[in-house]
Amino acid sequence: MNELLAAYRAVSNNWAQIQGSKLCGCCSCVQLFPADEIVAWTGLDMHNVDDPKAVDNQTALCPRCGSEAVIGDKSGYPINVQFLSRMNEAWFQRTIIRKPTPKK
Ligand SMILES: [Zn+2]
């Protein structure tokens, strides 16, 4: 499988992966930051906030740009500007699967 395709799965529902990571990067804004900078997650609402499975399935939001595009070093992928730029090109500029994020 294409590495970038495989790596994209690490960007969603990545609660456990991010918890185990030290360094994270964002494929949207191509910035690096420590995992403990991430404070915002999506995936929980008042109906599943006590469900451990739902907690595991949360998706990290980038602390810099707010995108659901964060990948951590625990994923096994290189967290550096080169790799994030390739992810950004593959996923965010050509928009293979994701809807484009509206620019404000
Ligand atoms: Zn970002």
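Helices (H or I, at least four residues) and strands (E, at least two) are taken as DSSP runs and numbered from the N terminus. The expected span of a helix is 1.5 Å times one less than its number of residues. Helix 4 falls short of this span: the helix has 13 residues, but its end C-alpha atoms are only 16 Å apart, against the 18 Å that a straight helix would reach at 1.5 Å a residue. The model is predicted; local features need pLDDT of at least 70, side-chain atom pairs count only at pLDDT 80 or more, and totals for chains, interfaces and linings use all residues. Residue numbers start from 1 along each chain as its sequence is written.

Three strands form an open sheet in the order 2-1-5, with antiparallel pairing. Two strands are paired if DSSP finds at least two bridges between them. Strand 2 (32-34) and strand 5 are the edge strands, each with a single partner strand, so one side of each lacks a neighbour in the sheet. Neighbouring strands are turned by 30 degrees against each other on average, direction ignored. Axes here are lines fitted to C-alpha atoms, for helices over the stretch in contact, and angles run from 0 to 180 degrees between N-to-C directions.

Strand 1 joins strand 2 through three bridges in the antiparallel sense. Within this pair, G25 stands opposite L32 of strand 2. The two strands form a hairpin with five residues between them. In the turn, V30 has a positive phi of about 55 degrees. Three bridges also link strand 1 to strand 5, again antiparallel. Here C26 has V70 of strand 5 as its bridge partner.

Burial was assigned from C-beta atoms placed from the backbone: a residue is buried if 20 or more others lie within 10 Å of its own, exposed if 12 or fewer, and partly exposed in between. A nonpolar core is a set of buried Ala, Val, Leu, Ile, Met, Phe, Trp, Tyr and Cys residues joined through C-beta atoms within 7 Å. The largest such core has 19 residues. C24, C26, C27, V70 and I71 have the most contacts inside it. Strand 1 (23-26), strand 5 (70-72) and helix 4 (81-93) each supply at least two of its residues. Helix 4 gives the largest share, three residues.

Contacts were defined by C-beta atoms, placed from the backbone, within 7 Å. Not counting residues up to four places away in sequence, C27 touches V11, A69, I71, L84, M87, N88, W91 and F92. In helix 4, L84, M87, N88 and W91 are buried. The buried residues of this helix pack against helix 1 and strand 1. S85, also in helix 4, counts as exposed because it has 12 C-beta neighbours inside 10 Å. The C-alpha atoms of S85 and C27 are 6.8 Å apart, although 58 residues separate the two in sequence.

A7 lies in helix 1 (residues 3-8). A7 is buried because it has 22 C-beta neighbours inside 10 Å. Leaving aside neighbours within four places in sequence, A7 is in contact with I71, S75, Y77 and M87. A7 and P78 are 71 residues apart in sequence, with a C-alpha to C-alpha distance of 9.9 Å.

Note on methods
Contact = placed C-beta atoms within 7 Å.
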